[in-house]
Amino acid sequence: MSDYLNMSYEELQEEYKKLQIEYENIKKLNLNLDMSRGKPCKEQLDLSMGLFDNAKDPSSYISEDGFDCRNYGYLSGIPEAKRLFSQLLGVKESEVIIGGNSSLNLMYDTVARAMFFGVYGSEKPWMKYEKIKFLCPSPGYDRHFAITEAFGVEMIPVEMKEDGPDMDTIEKLVAEDETIKGIWCTPQYSNPDGITYSDEVVDRFARMKTKASDFRIFWDNAYCVHHLYDDDRANVKNILTACKEAGNEHRVFIFFSTSKITHPGAGISVLASSEKNIEFTLNQISKQTICSDKLNQLRHVNFLKSVEGINELMKKHAAIIRPKFEAVDKILHEKLDGKNIARWTNPKGGYFISFFTLDGCARRVEELAKGAGLTLTKAGATYPYGNNPRDNNLRIAPTLPPIEELKKAMEILAVCVKVASIEKLLGKAS
Ligand code: PMP
């Protein structure tokens, strides 16, 4: 259990030799383990096969008000879907739009529309500025950053703290720069840290003074029902209500989807915001589509039934994935405790564990892992432009692999972390 930071050069050399043998032995196993993306496993996907019961029954295509969902109509979603998801998100039915199969798509389109047309209350389209900027709490979700990068939006990283992003920095930046138009947030069980924003953070977001009158918070509540422990659930304060109370009701776009509730890529998404924002957005969307897939909306409402129904399903997900999160934590403790070379998060929900190496080691760990047959999410991906100046963060996605594979993967990761850390320490010592 020796602390690597207190070892002599010779002791480190000795340890390095042993680890190299261990690493070479792993390589000989010719493993092919992929932990790069946060996908549900087959057992989780099987939980939602009830979606396809009664496919030909009229209840699967006639909505509660008698509308035939096989036909065009209901641009903002069918009433029962709007009711269910507005209840889940704690907003009014008039404050939601039910979208297509991907909330990421909604986010992309929301940025694209803002660039082309501005948002409700904008003086001009965002693309008419020489440059606009987004704040990016980091580590964060790589696909958020990919959207703003695709539109040439300058991304400014903001440090994550225990209870959300660094609000002192955010408040200062948005107060003085009119070209900062937005911020990416995953407020509950964040990707990848598993952090949940405190009430104070939510209130500060709602109240802060922004130089840009058309500043928007992109509040991606992807993991709002994804608790691992039923008796230890996070609960984020309602941002739309907080914004209304602060007199900034148009400030937030809330995103949500059933991707990790039922079937990713085949679920439904939700945009929630002030009535004015929703009206403004619907007018724009009406030029883009006649309506979303209402059969899927009805299928989801029939299957999920109620907020309680969603929570019950999520408990079944948790029963499958909780042992995986716990196995990761246990093995990492067994292999790395006392060495002083790594720390990792122990989230109470969501899909990821965030792993921190010594500065300058994450890319090397990724490379070593790849060489040993373990694919990890690219080091740096959790930062804007894929660039983590400290090169110290890796994202662990424990849900997809079978538990035995996951354990193997964590053992390999631990060896790679030790090798990379000693390489760095030896480099420093020489
Ligand atoms: N937001 C976050 C924070 C995510 O982690 C993911 C999936 N990894 C998504 C959105 C993707 O959602 P969707 O499938 O609805 O596009």
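How far apart do the C-alpha centres of domain 1 and domain 2 lie? They are 31 Å apart.

Before I go on, the ground rules. This is a predicted model, where local features need pLDDT of at least 70 and side-chain atom pairs count only at pLDDT 80 or more, while totals for chains, interfaces and linings use all residues. Side-chain values use heavy atoms, with hydrogens and water left out, and residues are numbered from 1 along each chain as its sequence is written.

Okay, domains. The assignment gives domain 1 as 4-45 + 311-429 and domain 2 as 62-305; bounds like these come from an automatic or database domain assignment. On the contact between the two, domain 1 puts in 32 residues and domain 2 puts in 34 residues, with contact meaning heavy atoms within 4.5 Å. Together the domains bury about 2,900 Å², and 60% of that is on carbon and sulfur atoms. Buried area, for the record, is the accessible area (1.4 Å probe) that two parts lose on being put together, summed over both. On the domain 1 side, Met 314, Lys 348 and Tyr 385 supply 22% of the area buried against domain 2, more than any other three residues.

How many salt bridges does the rule find across the interface of domain 1 and domain 2? It finds 2. The rule is a side-chain nitrogen of Lys or Arg within 4 Å of a carboxyl oxygen of Asp or Glu.

That brings me to salt bridges in general. Side chains of opposite charge can pair when their charged atoms come close. The whole structure holds 25 salt bridges, so let me pick out a few.

Start with Asp 68 and Arg 70, whose closest N and O atoms are 2.8 Å apart. Asp 68 is partly exposed, at a relative accessible area of 25%, whereas Arg 70 counts as exposed at 53%. The cut-offs there: buried is under 20% relative accessible area, exposed is over 50%, and partly exposed is in between (1.4 Å probe, protein chains only).

Next up, Glu 171 and Arg 204, which also form a salt bridge, at 2.8 Å from N to O. This pair links distant parts of the chain, since Glu 171 sits in helix H6 (residues 167-176) and Arg 204 in helix H7 (residues 199-207), 33 residues apart. When I say helix or strand, I mean DSSP runs numbered from the N terminus: H or I with at least four residues for helices, E with at least two for strands. Glu 171 is partly exposed at 25%, but Arg 204 is buried at 19%.

Then there's Asp 359 with Arg 390, closest N and O atoms 3.1 Å apart. Asp 359 is in the loop between strand E11 (353-357) and helix H12 (362-371), and Arg 390 is in the loop between strand E12 (374-376) and strand E13 (393-396), so the bridge ties together parts 31 residues apart in sequence. Asp 359 comes out partly exposed, with a relative accessible area of 30%. And which residues do salt bridges with shared partners join into one network? Asp 168, Glu 171, Glu 200 and Arg 204.

One more pair: Asp 142 bridges to Arg 37, with the closest N and O atoms 3.0 Å apart.

Now a bit of sheet. Strand E3 (residues 133-138) and strand E4 (residues 154-161) run parallel and are joined by 6 bridges; two strands pair if DSSP finds at least two bridges between them. Cys 136 stands opposite Pro 157 in E4. With helix H5 (residues 142-150), E3 and E4 make a right-handed β-α-β unit. Right-handed here means that, with the strands pointing away from the viewer, the path from the first strand over the helix to the second runs clockwise.

E4 also has 2 bridges to strand E5 (residues 164-165), and those two run antiparallel. Lys 161 has Gly 164 in E5 as its bridge partner, and the E4–E5 hairpin has 2 residues between the strands.

Last, two single residues. Gln 284 is in helix H9 (residues 275-285) and is buried at 14%. Leaving aside neighbours within four places in sequence, Gln 284 contacts Arg 113, Phe 117 and Gly 118.

Ser 190 lies in the loop between strand E6 (180-185) and H7, buried, with a relative accessible area of 4%. Not counting residues up to four places away in sequence, Ser 190 touches Met 160 and Ile 195.
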